[in-house]
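The following briefing is intended for a reader who meets this structure for the first time. Please consult the sequence and the model while reading.

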Amino acid sequence: DRDMLRELDPDLILTQAVCEVCAVPTPGVRALVREAGLHADVVSLDAHTISDIFDTIHQVAHAAGVPRRGELVVSLLRRRLDRVHDVVAGATRPGVLALEWLDPPFAPGHWVPEMIEAAGGRCLLGTAGSHSDQVEWSSLPSLDADVLVIMPCGYDVAKSRIDADANAQKLHAAAPRAICDDRAFVVDGSSFFNRSGPRFVDGVEVLAGLLHPECFPVPAEAAASKWTPSPERKHA
């Protein structure tokens with residue numbers, strides 16, 4: 001909204017360089033600032049790992065002139081991660097198949113594999129720090145996942161459930177044991193997994209509750225929910 005941006009006349013604009021599909025990319029923002037004759041500082045956040053996310057929090061704090069606040073935020077987030085680590089330490093680490101998109105299926109990338117490991121799981125598919133990659137449905141059954149986590153990019157729990165229902169047959173073939181053991185979940189990917197902000201720690205806590213409900217609080221239904229394909233969809 002060019003007119004709104006001119007009216008706001010901001011001093012600081014935060015943009016991103018992680019994905020040009022899901023959010024407004026940096027080059028377009030810089031061009032718009034020039035066209036509008038604005039004098040705002042444009043800060044591009046380009047996080048691909050958990051460490052990068054912490055760095056961008058410091059980056060924002062410095063750009064806003066409150067560096068000590070950034071230090072405090074990072075310290076508090078690290079403390080929460082340490083608590084998860086301590087609680088799940090020694091627990092059996094289930095193999096987790098997480099999918100960031102279903103049609104076609106995409107393996108998680110960037111910080112998500114690290115989140116799974118931090119929550120006490122083993123990430124069976126996806127590489128930390130790399131882009132999310134398209135995979136073949138036929139390659140997934142061999143992973144024999146203990147847990148299935150469905151986290152389509154930009155979707156909340158309700159939309160994730162709709163997407164899972166639409167791909168129920170393929171999901172059941174991909175992770176039959178996880179589904180039969182009642183360990184398949186849809187989550188609010190948009191809020192807690194797909195974005196490189198401080199709420200990724202909430203996502204780690206959500207995962208810890210799903211993977212280790214015996215020692216960590218089960219997340220609220222708005223954050224994550226069990227998913228089971230209906231019989232007619234499973235065998236469609």
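Thr-56 lies in helix 3, which spans residues 50-63; helices (H or I, at least four residues) and strands (E, at least two) are DSSP runs, numbered from the N terminus. This is a predicted model, in which local features need pLDDT of at least 70, side-chain atom pairs count only at pLDDT 80 or more, and totals for chains, interfaces and linings use all residues. Residues are numbered from 1 along each chain as its sequence is written, and side-chain values use heavy atoms, with hydrogens and water left out.

**Surroundings of Thr-56**

- Thr-56 counts as buried because its relative accessibility is 7%; buried means under 20% relative accessible area, exposed over 50%, and partly exposed in between (1.4 Å probe, protein chains only).
- Residues up to four places away in sequence not counted, Thr-56 touches Leu-45, Asp-46, Ala-47 and Ser-196, where contact means heavy atoms within 4.5 Å.
- A polar atom of the Thr-56 side chain lies 2.7 Å from the backbone oxygen of Ile-53. A polar contact is a pair of N or O atoms within 3.5 Å; within protein, one must be able to donate a hydrogen and the other to accept it, and residues adjacent in sequence count only if both atoms are side-chain atoms.

**Packing of helix 3 against helix 4**

- Helix 3 and helix 4 pack at an angle of about 155°, and their axes are 7 Å apart. Axes are lines fitted to C-alpha atoms, for helices over the stretch in contact, and angles run from 0 to 180 degrees between N-to-C directions.
- Helix 3 and helix 4 are therefore roughly antiparallel to each other; angles under 35 degrees count as roughly parallel, over 145 as roughly antiparallel, 65 to 115 as roughly perpendicular and the rest as oblique.
- The crossing of these two helices, helix 3 and helix 4, is right-handed. A crossing is left-handed if the near helix is turned anticlockwise from the far one by less than a right angle, and right-handed if clockwise.
- Helix 3 contributes Ile-50, Phe-54, Ile-57, His-58, Ala-61 and His-62 to the contact, while helix 4 contributes Pro-67, Gly-70, Glu-71, Val-73, Val-74, Leu-77, Arg-78 and Leu-81.
- By class, nine nonpolar, three polar and two charged residues make up the contact of helix 3 with helix 4. Ala, Val, Leu, Ile, Met, Phe, Trp, Tyr, Cys and Pro count as nonpolar, Asp, Glu, Lys and Arg as charged, and the others, Gly among them, as polar.

**Packing of helix 4 against helix 10**

- Helix 4 (residues 67-88) packs with helix 10 (residues 200-211) at an angle of about 15°, with axes 10 Å apart.
- These two helices, helix 4 and helix 10, are therefore roughly parallel to each other, and their crossing is left-handed.
- From helix 4, Leu-77, Arg-80, Leu-81, Val-84 and Val-88 meet Phe-200, Val-201, Asp-202, Val-204, Glu-205 and Ala-208 of helix 10.
- The contact of helix 4 with helix 10 has eight nonpolar, no polar and three charged residues by class.

**Helix 2 and its cover**

- The buried residues in helix 2 (residues 26-36) are Thr-26, Val-29, Ala-31, Leu-32, Val-33 and Ala-36.
- Their cover includes helix 1 (2-8), strand 1 (12-16) and strand 2 (41-45).

- His-212 lies in the loop between helix 10 and strand 10 (224-226) and, at 2% relative accessibility, counts as buried.
- Neighbours within four places in sequence aside, His-212 is in contact with Val-88, Ala-91, Thr-92, Pro-94, Ala-119 and Gly-120.
- The His-212 side chain reaches the backbone oxygen of Gly-120 at 2.9 Å.
- Ser-225 lies in strand 10 and counts as buried at 8% relative accessibility.
- The side chains of Ser-225 and Arg-161 are joined by a polar contact of 2.7 Å.

**Backbone features in loops**

- The peptide bond that joins Asp-103 and Pro-104 is cis, with omega about 5°; Pro-104 is found in the loop between strand 4 (101-102) and strand 5 (105-107).
- His-110, a residue other than glycine, has a positive phi near 55°. His-110 lies in the loop between strand 5 and helix 5 (112-118) and, at 9% relative accessibility, counts as buried.
- Asp-182 has a positive phi of about 65° although it is not a glycine. At 35% relative accessibility, Asp-182 counts as partly exposed, and its place is in the loop between helix 8 (176-180) and strand 9 (184-187).
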